[in-house]
Amino acid sequence: MTTAATQRPTLAAVAARAGVSASTASLAFSGAGPVSEATRARVIAAAEELGYAGPDPRAQSLRKGRSGIIGVVMEDRLQYAFSDPVNVAVLEGVADELGPAGFALLLLTDTAESVAGIGLAPMDGVILIGCSRDLDVPVTAFRQRGVAMVAIEAEPLEGVVPIDLDNRDATARGAEHLRDLGHERVGLVTLPLGPAHETQVLTDDLIDGSKVHTTIQRILGAHDVFPAAPGIVAAGFAAEDGLVAGRELLASHPDITAVIAQSDLLALGVIRAAEEVGMRVPDDLSVLGFDGIRLDGTTTHELTTLVQPSVEKGRAAGRAAVAMVEGGDARPESFTSELRLGTTTAAPRT
């Protein structure tokens, strides 16, 4: 049995206490109408007396036909997604745009257990980040519901605004830097190609069977310059994963003089793997990273890397999602990475 003490105070009760109409009380809370400061203060005081926290957001959503939520679908479980500092920076950029626009952010994961339910989540727009699974079903559901869709670094999808990065071209520029230094025997340590989370030898079958757009594009960029470059697929995104992959790469290909790692954390792991076997970076082994994240306190080296604008990518995605939800013009955006020379690449020993 519900008692008066447990009933949620209503807007009508607040209006009655303040001596105004319900519509005036509603305008006082929303700030969207011509209500005097004295009247607004009286309504707020009445609300505080009754313990009224404001209009029910569920009712507001029904009236507006919106949830006020933008979903962000991230690849894999959050424990893996958040081990990548680039994902954190992208989310920071998304939040920079959604908060001031009055939208909440809902995190969803692209996993086998959740992918079927993604299309049912309450949201006005969705941003897809690094999603590697077949999203035809949820994307179709989003399209049918009229949910605005933005994708960061994904294969082209109909009705989805793309936010792209020059992954292939950037990696090729980094590879060309190694070639210009005189390197001919170059190996790869790549980001995961799927949800397996195990260290694997890079093969054509793995590449052909993968839908991880960013990883594939960076492999293609390296192969544009070094077509026969062997590789190891890391089990995850952390430096420890790079260490394990680096050990395997150096053990199976002891003749390589340089490694292209697909992230700075993986590059850090490769450097540690080289040091374990007595190799000096860059005298014995050059190492190239990707991302441009801060590695303060983790190594004495200044990493040669391809710096990408992670926060700006997130902001662009957030802007596009808000614009689509509000009926504005959301245009695709493409970002360029910059090669930053450090102390981890040099000419190979003769």
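Me: Which residues make the nonpolar surface patch of about 280 Å²?

Reply: Bear in mind that this is a predicted model. The patch is made by Phe82, Val88, Leu105 and Leu107. Find those four side chains in the view above.

Me: Where does leucine 107 lie?

Reply: Look at strand β2, residues 104-110. Leucine 107 is part of that strand.

Me: Is leucine 107 buried, partly exposed or exposed?

Reply: Start with the general idea. Buried means under 20% relative accessible area, exposed means over 50%, and partly exposed is in between. Now the case here. Leucine 107 has 31% relative accessibility, so it counts as partly exposed.

Me: Now charges. How many salt bridges does a search of the whole structure find?

Reply: The general idea is a side-chain nitrogen of Lys or Arg within 4 Å of a carboxyl oxygen of Asp or Glu. The search finds 14 salt bridges here. One of them joins glutamate 97 and arginine 319, at 3.7 Å from N to O.

Me: Which parts of the chain does that pair link?

Reply: Distant ones. Glutamate 97 is in helix α6, residues 85-98. Arginine 319 is in helix α14, residues 310-325. Glutamate 97 is partly exposed, because its relative accessible area is 23%. Arginine 319 is also partly exposed, with 37%.

Me: Which residue does glutamate 276 meet in a salt bridge?

Reply: Its partner is arginine 247, and the N to O distance is 2.7 Å. This pair links distant parts of the chain as well. Glutamate 276 belongs to helix α13, residues 264-276. Arginine 247 belongs to helix α12, residues 239-252. They stand 29 residues apart. Glutamate 276 has a relative accessible area of 47%, so it is partly exposed. Arginine 247, at 38%, is partly exposed.

Me: What happens when salt bridges share partners?

Reply: Take one bridge to begin with. Arginine 280 and aspartate 284 meet at 3.8 Å, N to O. Salt bridges that share partners then join Arg280, Asp283, Asp284 and Arg349 into one network. Arginine 280 is partly exposed at 45% relative accessibility. Aspartate 284 is partly exposed too, with a relative accessible area of 23%.

Me: Where does the charged end of arginine 218 sit?

Reply: Over the ring of phenylalanine 290. The distance to the ring centre is 3.7 Å.

Me: Last feature. How many aromatic pairs does the structure hold?

Reply: In general, a pair of aromatic rings is described by the distance of the centres and the angle of the planes. In this structure the count is 0 aromatic pairs.

Conventions. Residues numbered from 1 in each chain as written. Predicted model: local features only at pLDDT ≥ 70, side-chain atom pairs only at ≥ 80, totals over all residues. Heavy atoms only, no water. Phe/Tyr/Trp six-rings, centres within 6.5 Å; stacked < 30°, edge-to-face > 60°. Lys NZ or Arg CZ within 6 Å of the ring centre and 35° of its normal. Patch = residues over 30% accessible without salt bridge, like charges linked within 9 Å, V, L, I, M, F, W, Y side chains within 5 Å. Areas by Shrake-Rupley, 256 points an atom, 1.4 Å probe, with all protein chains shown as cover. Helix = DSSP H or I, 4+ residues; strand = E, 2+ residues; numbered from the N terminus. Buried < 20%, exposed > 50% of the residue type's maximum accessible area, 1.4 Å probe, protein only.
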